[in-house]
Amino acid sequence: MDARADPQPSILLIDDDRIHARILRAQLERGGFHVEVAASGGEGLALARRRPPEVILCDWIMEGIDGIELCHSVKQDERLANVYFILLTSLSEVHDRVVGLDSGADDFLTKPVVAEELLARVRAGLRMHEMNERMVRLAKELQRKQDDLERELNEAAAYVRGLLPRPLKGNVQVDSLFLPGQQLGGDCLDYRWIDADHLMFYVLDVSGHGIAATLPSLSLLHRLRSITPGDQLVHPEQLLAELNHDYPMAEQGGRYFTLWLGIYQRSSRQLRYATAGHPPGLLISVNGQQPIRRLSSQGMAIGLFEDAVFHSCSCRVDPGSSLLLFTDGIYENPHERGGSLSLDTFIESLPWREVQFSEHGLEKVLSTARKSMGMQLFGDDVSLLRVRFME
Amino acid sequence: MNDTKQAPDPCDGTIDPTVWAELQELMGPETDDVLAELIDSYLEDTTRQLTLIQEASRNRNPVGLARAIHTLRSPSASLGALKLADLCSDVEGRLRGDDPLGHWPPEHLDTLMAEAERAMAALKARGSHHGRQS
């Protein structure tokens with residue numbers, strides 16, 4: 001990385017003493033540099049702006065714009081801020097150097113200038129300049145990649161959102177809310193009537209973040225959409241076991257997922273559900289002694305262990321009850337700032353009347369959690385799914 | 001390149017031989033052209049500064065006089081006219097002191113002017129050795 005390897009490193013020399021300038025120029029040219037000379041601060045600044053040099057050598061004391069003032073202007077100029085600025089001075093007082101450094105000068109050269117020192121300092125300046133330029137290039141590249149990534153994540157989030165179902169009306173009403181996190185968190189949810197009697201609904205959360213977590217969640221969405229009426233409607237735990245077999249962690253880039261899946265049979269008012277390492281579903285009944293019941297069955301996250309066993313539970317659902325499903329993004333904050341809530345605190349702070357009765361119950365859950373955690377943005381995806389059993 | 005050193009110098013002592021030798025060495029293969037150019041510039045600038053010095057002296061203008069002398073100092077030092085450069089520092093110092101008009105024209109101004117003439121003559125002589133007629 002010898003600076004002199006560059007065919008024409010360009011130096012701008014600004015000195016109102018033309019004899020001195022001519023001598024320095026001759027020395028620099030002998031050192032292999034391309035030199036432009038300006039006879040005043042004003043001319044120097046104009047030249048620098050027209051064609052930014054790599055190094056500026058500038059006399060301190062000049063008529064009009066002096067070296068300090070010029071240095072300040074150069075360092076303020078975004079396009080010139082990286083130019084290596086050497087002040088030529090016959091003053092060697094500490095105070096003067098402080099003034100020079102404060103104005104942004106990178107180095108000093110004391111007059112009378114010794115040729116070897118001049119060339120050595122210019123070479124050092126060129127190395128610094130090259131390093132700075134490389135840093136700027138890297139920073140720009142990084143920013144561009146960051147922007148690309150953000151755009152891709154936004155596009156992916158919009159895609160996922162587009163796949164999510166519309167609210168269901170009728171005697172069993174279902175709605176949902178999907179809020180992608182800053183990095184996309186691999187959440188997914190779905191609900192649909194599989195036949196006239198069976199409503200299937202679930203919320204899942206793939207481990208990890210970003211596009212890599214979103215792809216498996218989309219694959220799961222399509223897989224679960226292909227389910228047709230059959231045994232699985234009676235035994236959701238079998239479905240989980242099948243998924244566990246089909247999505248081993250080793251084949252999913254080390255990713256596993258948690259799931260809460262329920263199948264509601266309208267004719268019998270029975271809800272059968274199976275969970276895999278997922279937070280419980282919350283059943284809110286109108287007149288019950290326990291207004292909120294946690295629904296959870298035993299089961300590890302899917303993909304972790306080949307021989308994992310899954311279970312299902314069932315319960316009768318009273319008319320007027322509501323069921324709330326969610327992913328952990330609603331109460332856990334993966335980032336340092338803002339506190340996470342415990343599951344208990346989250347459940348205690350739930351606006352459960354709104355969940356049960358309000359059209360905007362899910363938005364209310366979101367705003368309550370946001371307030372409790374003391375932050376504006378959720379780091380992880382937040383998914384909420386609500387089933388209201390009206391009949 | 002060395003024939004310059006051997007040539008008779010009508011104003012020995014006016015131009016410091018060490019500075020001059022360094023200049024010649026530094027300029028490399030283009031020495032003659034560059035030195036001739038430097039001498040041309042120096043003669044032109046010094047003639048102008050000497051006129052300004054005379055004017056300022058006549059008009060009893062210490063600020064103008066100090067500025068002209070200051071301007072003369074640095075190029076003189078660059079080309080080896082060290083005696084002249086020292087005189088410039090000395091007279092400029094007196095002019096920037098208290099009551100510059102108390103002793104007018106300032107002490108050593110005549111010596112400075114005479115030395116400047118000698119430096120110009122010496123450089124002119126060297127210039128003719130460097131291939132270009134100044």
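## A tour of the salt bridges and the A–B interface

Start by selecting R223(A), which counts as partly exposed at 22% relative accessibility. The scale used here, with a 1.4 Å probe and protein chains only, calls a residue buried under 20% relative accessible area, exposed over 50%, and partly exposed in between.

Before going on, note that this is a predicted model: local features need pLDDT of at least 70, side-chain atom pairs count only at pLDDT 80 or more, and totals for chains, interfaces and linings use all residues. Residues are numbered from 1 along each chain as its sequence is written, chains are lettered from A and ligands numbered from 1 in the order in which they are written, and side-chain values use heavy atoms, with hydrogens and water left out.

The term stands for a side-chain nitrogen of Lys or Arg within 4 Å of a carboxyl oxygen of Asp or Glu. Helices (H or I, at least four residues) and strands (E, at least two) are DSSP runs, numbered from the N terminus. D246(A) is partly exposed as well, with a relative accessible area of 33%.

**Strand β15 of chain A**

Next, select E359(A) and R388(A), whose side chains form a salt bridge at 3.4 Å, N to O. Here too the pair links distant parts of the chain, 29 residues apart: E359(A) is in the loop between α9 (352–357) and α10 (361–373), and R388(A) in strand β15 (residues 382–389). Is R388(A) buried or exposed? R388(A) is buried, at 6% relative accessible area.

**Helix α5 of chain A**

Move to R151(A) and D148(A), a salt bridge with its closest N and O atoms 3.4 Å apart. Both residues lie in helix α5 (residues 115–163), three residues apart, or about one turn of the helix. R151(A) is partly exposed at 45% relative accessible area, and D148(A) is partly exposed at 25%. Now extend the selection to E141(A), R144(A), K145(A) and E155(A), which are linked with D148(A) and R151(A) in a network of salt bridges. Over all chains, a search of the whole structure finds 27 salt bridges.

**Between the chains**

Show chain B beside chain A. Contact, meaning heavy atoms within 4.5 Å, joins 18 residues of chain B to 11 residues of chain A. The two chains bury about 1,300 Å² between them, 58% of it on carbon and sulfur atoms. Buried area is the accessible area (1.4 Å probe) that two parts lose on being put together, summed over both. Select L26(B), M27(B) and L38(B): they supply 34% of the area that chain B buries against chain A, more than any other three residues.

How many salt bridges are there between chain B and chain A? The count is three. One to display is R18(A) with D45(B), the closest N and O atoms being 2.6 Å apart.

Colour chain B by element. Those giving two or more residues to the side that touches chain A are α2 (17–27), α3 (31–58) and α4 (62–78) of chain B. The largest share, seven residues, comes from α3(B).

**Confidence**

Finish by colouring on pLDDT, the predictor's confidence in each residue from 0 to 100. Chain A has a mean of 89, and 95% of its residues reach 70 or more. Residues 1–6 of chain A are below 50, and beyond near neighbours in sequence this stretch has 10 contacts in the model.
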